[in-house]
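Trainee: Walk me through this one, please.

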Amino acid sequence: MPPKQKITKEMLLSHALNIAKEQGISAVTSRSVAKSVGCSIQPVFSHFPTMAELRQATVAYINSKVNAEMLEYQDKPNFIARTFRLVLNIARDEPKLFEVLDFSDSFYSKNLREDMRRWESSLKVILAFEQEYRLTETEAKDVFLRTFFMLFGIATMIATYKIDISNDEAMDMIQRTIDQMVSIGKVETP
């Protein structure tokens, strides 16, 4: 008889990510993850004693994967645009994943504005705004915040099939808005 496969936390979270991508976070259960892995529910419970812990770990895992993907662009030209396109692509191609990332509010503090300013990818985008547009840190944070809300508004409409807009059209709107904010110079402290 071959030795039993060790079921790792990473393995479970990888399968949970795939379930969330296809069906949403509510479909991530001990049973669904165990079934996907091909094991009993015991290994799932040994790593995640409660459903809340499993789902919180899944959301954190998904966030870390997306954040890492965004950061792959940080030293490449057009980092800001590449990051924004990634968000639009997730909304368009993986709406359930977008939903997990952006509507699982019970896994964040009650202040999204503060949460997003702590994400490493957000900090890098803010720094890119400072450098690319020669803004102060305060100005860059303001432009980032307003741009973030516009981007996620468009992405949400894409993910929920409320708008039919190409990524190029969306990026053009976003870029023109950034250019106007920077050129007018009416950047305010948030």
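Mentor: We'll take confidence, then a helix pair, then a pocket.
Mentor: It's a predicted model, with local features needing pLDDT of at least 70 and side-chain atom pairs 80 or more, while totals for chains, interfaces and linings use all residues. Numbering starts from 1 along each chain, and side-chain values use heavy atoms, without hydrogens or water.

Trainee: What does the chain average in pLDDT?
Mentor: 87, with 86% of residues scoring at least 70 (pLDDT is per-residue confidence, 0 to 100).

Trainee: Where is confidence lowest?
Mentor: In helix H7 (112-118), mean 64, whereas H2 (30-37) is highest at 96 (helices are DSSP H or I runs of at least four residues).

Trainee: OK, at what angle do H5 and H8 cross?
Mentor: Roughly 140 degrees, with the axes of H5 (79-93) and H8 (120-133) coming within 9 Å (axes are fitted to C-alphas over the stretch in contact, angles running 0 to 180 degrees between N-to-C directions).

Trainee: Which H5 residues meet H8?
Mentor: Phe79, Ile80, Thr83 and Phe84; their H8 partners include Val125 and Phe129 (contact is heavy atoms within 4.5 Å).

Trainee: Which residues are closest to the largest pocket's centre?
Mentor: Val66, Met70, Trp119, Ser121 and Phe152, out of 21 lining residues (a pocket is an open set of 1 Å grid points where a 1.4 Å probe fits, with protein on both sides within 12 Å along at least five of seven lines; lining means an atom within 4 Å of a point).

Definitions and conventions
Helices (H or I, at least four residues) and strands (E, at least two) are DSSP runs, numbered from the N terminus. pLDDT is the predictor's confidence in each residue, from 0 to 100.
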